[in-house]
Amino acid sequence: MRVLKSLNLRGWLLVGTAACGVVLAGAIATFGSPASAGAALEERKLPMKFGWVACEPNCRGWVSAVGIITADTPKDFDDFARGRQLGGATVVLDSSGGSVNDAITLGRRFRNLGLLTTVGITQLNGGGKGARPAVASEAYCESMCVFLLLAGKKRYVPDAAHVRVHQIWMGDRADDAKAASYSAQDLMIVERDIGRLAKYTFDMGGAGDLLSLALNVPPWEDLHELDASELKLTNLVTTDLVSEVLPRIDVTAPAIAELAPKTQARFGEEPEAAKSTKTAEALVPTGGVATPATAPQK
């Protein structure tokens, strides 16, 4: 109930539960087992958490950002950043999206600090003596995670990653968008948030093609996965070199375990009076197996 309550907020851009990945200088991290892959999936369904991943003395480390963007996320990041020298650090994103307006706020925090961004799942490799952290190579970054990626001063997306976009919609009517009714007030809210997202996109150096690709996918269709040419067309990728956003880590690890298709997962019901926008979840596999939601879908 506590988790569901925390997800009852305005401005949702929700998508299929996802992960995002990065290859580190030829070293590929592993989930270790399907069970651990499932655990990572569960974390992506919870409100976003931030953590510092240290890899000294051979590298600076990076910020791990895992979970859904909620109304509390910008403040949580401010609390995490307080007292830390984060200027120019890299954020490794593992998120299936979240609140439109709060993602915009968080993205501007990232840019003000000159952060670099990529997508990935941090792996601590057991924490034994001599163990080094790494980042999983195959994963997913969807919905507002894509716009957080755009906030990076430099941005890298590995070949194995899946970056997906979808259309903004009213949060309480995305389940059956065609059958739902809409008022003039609802349309105003949607257009307002599209305008805010458009300004943010251009402020971050993104291209209008990113908005066009996202806004052409209605909630009753699968998320659109950006291919390599679209990642460059939208200016989501600014470098093809992982070394420009993450330090070289000498790790030897087996290839990442294949993830089983997930079942569709939704989050807690939103109060009727709180109008919001979001995208419907993906209906295609995005890795891991989610536990079916017991609360009404949205």
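**Exercise 1.** In this predicted model, find which residues of the largest nonpolar core touch the most other members.

*Solution.* Start with the size of the set: the largest nonpolar core holds 49 residues. Within it, the residues that touch the most other members are Phe50, Phe77, Leu93, Phe110, Phe147 and Leu236. Next, look at where the members come from: helix 5, residues 144-150, gives the largest share of this core, with seven residues. There is also a second, separate core, made of 11 residues, and Val53, Cys55, Val92 and Val135 are among them. As a background thought, nonpolar side chains in soluble globular proteins tend to be buried together.

**Exercise 2.** List the residues in contact with phenylalanine 147, leaving aside its neighbours within four places in sequence.

**Exercise 3.** Decide whether threonine 73 is buried or exposed.

*Solution.* Then check its relative accessible area, which is 0%. Buried means under 20%, so threonine 73 is buried. Finally, see what surrounds it: beyond neighbours within four places in sequence, threonine 73 is in contact with Met48, Phe50, Ile68 and Leu106.

**Exercise 4.** Find the side chain with which the side chain of threonine 122 makes a polar contact.

*Solution.* Go to strand 7, residues 122-123, where threonine 122 lies. Its side chain makes a polar contact with the side chain of tryptophan 62, at 3.0 Å. Now widen the view: leaving aside neighbours within four places in sequence, threonine 122 is in contact with Val53, Trp62, Ser64, Val92 and Ala134.

How values were computed:
Residues numbered from 1 in each chain as written. Predicted model: local features only at pLDDT ≥ 70, side-chain atom pairs only at ≥ 80, totals over all residues. Heavy atoms only, no water. Helix = DSSP H or I, 4+ residues; strand = E, 2+ residues; numbered from the N terminus. Polar contact = N/O pair within 3.5 Å; in protein donor to acceptor, adjacent residues only side chain to side chain. Contact = heavy atoms within 4.5 Å. Core = buried A, V, L, I, M, F, W, Y, C linked by side-chain atoms within 4.5 Å. Buried < 20%, exposed > 50% of the residue type's maximum accessible area, 1.4 Å probe, protein only.
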